[in-house]
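Let's take a walk through this protein together, from its overall build down to a few individual residues. Have the model open beside you as you read.

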Amino acid sequence: MTNKIIFGDAQNMKELEDSSIHLVVTSPPYFNAPFDYPDLFESYEQFLNVMKNVANEIKRVLAKGRIAAFVCDDTLINGEKYPVVADIIKIFTEQGFKYRERITWVKPEGYIRISRRSGVLIQHPYPMYYYPDNLQESILIFQNGDFDYKSISQRKKQLSKIDIKQYQREKWFLNVWYITNVLPINNRLEKGIAAFPEEIPRRLIKLFSFKGETVLDPFLGSGTTLKVANELGRNGIGYEIDAELLKVIKEKLGINQTKLVKTPSYEIIMRDDKKYLRTTLQNRVKNNNKSR
Ligand SMILES: C[S@@+](CC[C@H](N)C(=O)[O-])C[C@H]1O[C@@H](n2cnc3c(N)ncnc32)[C@H](O)[C@@H]1O
């Protein structure tokens, strides 16, 4: 079985052999972001420690020369920004990864869900009241040493060829990507998960992996990376600590659904270190909103 979903802590990826993964695409939990993960971590240091341990495991399982792409942003809590992006770059370079690129993902104006702080200046049109709304996140691209371009057969290259017309039309060649985020519609499958839009893993998987290879998402959430990986002819492996997401992931990946289209099969492993988080987190978000 090549597709796997493991419910457990990604600080330990014992199910995976060394150098067995060809690409990592992920977005870590947004520290203790009030709208998604209030008080998930005891402290910022604990969050960074989890990131360090996961980076260490990624270094072990990722094949030589391959890419780990991290979608992340600084987190704003009680008016203070935590420098998540800078710290993740530091953690990965200390693990021996090359910091290859930073792409800025820009979301459309009007759909932002979290910080609408810019109105403060309208109420107080004076210096010192400037708090801009945040429309961007970073897609950090780390590389595990040099890639041997000759190790890939001509046939595999042809099968994985990138559509240059699309590359130019959609301006993938820029380090700024304009992509609509998952919209905050009530009752959407990804409610409370901070999912990224499919277009992000779609571009990254096409740009940094070949058909038939294996993509890993250590923070699987609703399963977006695996869905896209399979659509693009790649195998997918995901870790997710919250066993309450099983239903959402199954639905997104079409597991157990009687469908006319054939869906790939997944091995699902339930480890002892899994947790049950979502209900508690969502209740905390509700209570925080009430007390605003
Ligand atoms: C930002 S979400 C990922 C969303 C995903 N990209 C999607 O499109 O649905 C981060 C996920 O990491 C999970 N998580 C947090 N700590 C973890 C850990 N130590 N190991 C595995 N998963 C973890 C959270 O429960 C959450 O679902």
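What percentage of the 292 residues in the protein is buried? Buried residues make up 33% of them. Please keep in mind that you are looking at a predicted model.

**Overall build**

The protein contains nine helices and 11 strands. Its radius of gyration is 19 Å, close to the 19 Å that the globule rule gives for 292 residues, so the protein is as compact as a globular protein of that length. Taken along the principal axes, the box filled by the C-alpha atoms is roughly 65 × 40 × 40 Å. Now consider contacts between residues at least 6 apart in sequence: 74% of these join residues at least 24 apart.

If you click on A69 and set aside its neighbours within four places in sequence, you will find it in contact with V24, V25, I139, L140, I141 and L204.

Strand β7, residues 136-143, pairs with strand β6, residues 98-106, in the antiparallel sense. Eight bridges join the two, and I103 stands opposite I139 in β7. I139 is also one of the contacts of A69. β6 has another pairing, this one with strand β8 (residues 176-178), in the parallel sense and over three bridges. There, V106 stands opposite Y178 in β8.

Which residues are closest to the ligand? They are A195, F219, G221, S222 and T224, out of 20 residues that surround it. By class, this shell has 11 nonpolar, five polar and four charged residues.

T224 leads us on to helix α7, which covers residues 224-231. The buried residues of α7 are T224, T225, L226, V228 and A229. Among the elements that cover them are strands β2 (21-26), β9 (214-217) and β10 (235-240), together with helices α6 (199-208) and α8 (246-253). After α7 comes G233, with a positive phi near 75°.

**Two backbone angles to look at**

Most residues other than glycine have a negative phi. S19 has a positive phi although it is not a glycine, and M128 likewise has a positive phi without being a glycine. Here they are side by side:

**A buried loop residue**

One more loop residue deserves a visit. L40 is found between β2 and α1 (44-61). Why does L40 count as buried? It has 20 other C-beta atoms within 10 Å, and a residue is buried if 20 or more lie within that distance. Not counting residues up to four places away in sequence, L40 touches P29, N32 and L281. L40 and E57 are 17 residues apart in sequence, and their C-alpha atoms are 21 Å apart in space.

Notes:
Residues numbered from 1 in each chain as written. Predicted model: local features only at pLDDT ≥ 70, side-chain atom pairs only at ≥ 80, totals over all residues. Pairing = 2+ DSSP bridges. Helix = DSSP H or I, 4+ residues; strand = E, 2+ residues; numbered from the N terminus. Near = placed C-beta within 6 Å. Nonpolar A, V, L, I, M, F, W, Y, C, P; charged D, E, K, R; others polar. Buried ≥ 20, exposed ≤ 12 C-beta atoms within 10 Å, placed from the backbone. Contact = placed C-beta atoms within 7 Å. Rg over C-alpha atoms; globule rule 2.2 N^0.38 Å.
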